[in-house]
Amino acid sequence: MINGIMNIYKEAGYTSHDVVAKLRGIVRQKKIGHTGTLDPDAVGVLPVCFGSATKLCDMITDKSKEYEALMRLGVTTDTQDMSGRILTERAVDVGETEVESAVMAFVGGYEQIPPMYSALKVNGKKLYELAREGREVERQPRHVDITYIRILSMNLPEVRFVVGCSKGTYIRTLCADIGKKLGCGAAMAQLKRTRAGSFRVEDSITLAGVEELMRLGTYEEHIIAPDSIFMDCEGAAVKREAERALLNGNKLQLRQLDFDSRAFFSDGDMLRVYSADREFRAVYTFVKSEGLFKPFKMFLE
């Protein structure tokens, strides 16, 4: 069984679930999960977790993202992108300076209303299912952080830009909000996710590439170990006599761990924990009041 993460390049026409389904067939393994939905028309980075690494799906999903987007001014659609039904078309009578000012005004935090065509659930039903029924429901705004925006090119009515943002940010909605601010409307024409956490598009591999790696038997070269996500944390192996405690997911005392150096821990600090044979087994957190570590995530095969 594969236990690790693969940086997949999702191509247009596939949903994130399609990618997982195809990978199950390619690698002949059921335990696979993706780390953040991309619309079918969008392309780019989609980290996929295999085996015990599926426990990392939520953590990778929570990481910041970077996208390259093409925005078309002067049009609005029911999906906020150009795949949807056109609602309005207006002349774009704003200049580049005004457009740049409007775009850059969104850097920082703002309250974003999720689009109806999204996978968010209201009363147990996905918003896009309600939208397809012609129903629109009230959505509560959610705080999102736009870390940076870099305008790559401007050929009005189109603007291409790169945006770094927090999880849960809808770039379609960002485009629509920029268009609303300019008074002419806007929709997203293209979207590529260029980064998800530490996973970058230049290191990603297509489904066809995975098939070729499986044929050659070299897929392991592209499997990223689960502990790589926690390399900014201290690491330690358990002493031989504490192996059973680790495998049972018990709390660990400082004396049960073999530290290479004297380390100081604050409450809540994470620790990569390895077996006595230096195989990654878990992430623990420090409980200062008890002076010990308790399990956070176990990665037992």
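Reader: Which residue takes a positive phi in the hairpin of β17 and β18?

Author: The model is predicted, so local features need pLDDT of at least 70 and side-chain atom pairs count only at pLDDT 80 or more, while totals for chains, interfaces and linings use all residues. Residues are numbered from 1 along each chain as its sequence is written, and side-chain values use heavy atoms, with hydrogens and water left out. The hairpin has five residues between its strands, and strands here are DSSP runs (E, at least two residues; helices are H or I, at least four), numbered from the N terminus. With phi near 65°, the residue is Arg 278.

Reader: Is Arg 278 buried, partly exposed or exposed?

Author: Arg 278 lies in the loop from β17 (270–274) to β18 (280–287). Buried means under 20% relative accessible area, exposed over 50% and partly exposed in between, with a 1.4 Å probe and protein chains only. Because its relative accessibility is 49%, Arg 278 counts as partly exposed.

Reader: How many bridges join β17 to β18?

Author: Two strands pair if DSSP finds at least two bridges between them. β17 and β18 run antiparallel, and Val 273 has Ala 282 as its bridge partner in β18. The number of bridges joining these strands is five.

Reader: Which peptide bond is cis, with omega near 15°?

Author: The proline concerned, Pro 157, has its place in the loop between β10 (142–155) and β11 (158–165). The cis bond runs from Leu 156 to Pro 157.

Reader: How many disulfides does a search of the whole structure find?

Author: A disulfide is a pair of cysteine sulfur atoms within 2.5 Å. Cys 175 is buried at 0% relative accessible area, and because its sulfur is 11 Å from the closest cysteine sulfur, in Cys 165, the gap is too far for a bond. Cys 233 is in no disulfide either, the nearest cysteine sulfur being that of Cys 49, 16 Å away. The number found by the search is zero.

Reader: How are α3 and α5 oriented to each other?

Author: Helix α3 (residues 96–104) packs on helix α5 (residues 171–182) at an angle of about 130°, with the axes 9 Å apart. Axes are lines fitted to C-alpha atoms, for helices over the stretch in contact, and angles run from 0 to 180 degrees between N-to-C directions. Angles under 35 degrees count as roughly parallel, over 145 as roughly antiparallel, 65 to 115 as roughly perpendicular and the rest as oblique. The two helices, α3 and α5, are therefore oblique.

Reader: What share of the residues in the protein is buried?

Author: The protein has seven helices and 19 strands, and its C-alpha trace spans about 75 × 50 × 40 Å along the principal axes. Of its 301 residues, the buried share is 48%.
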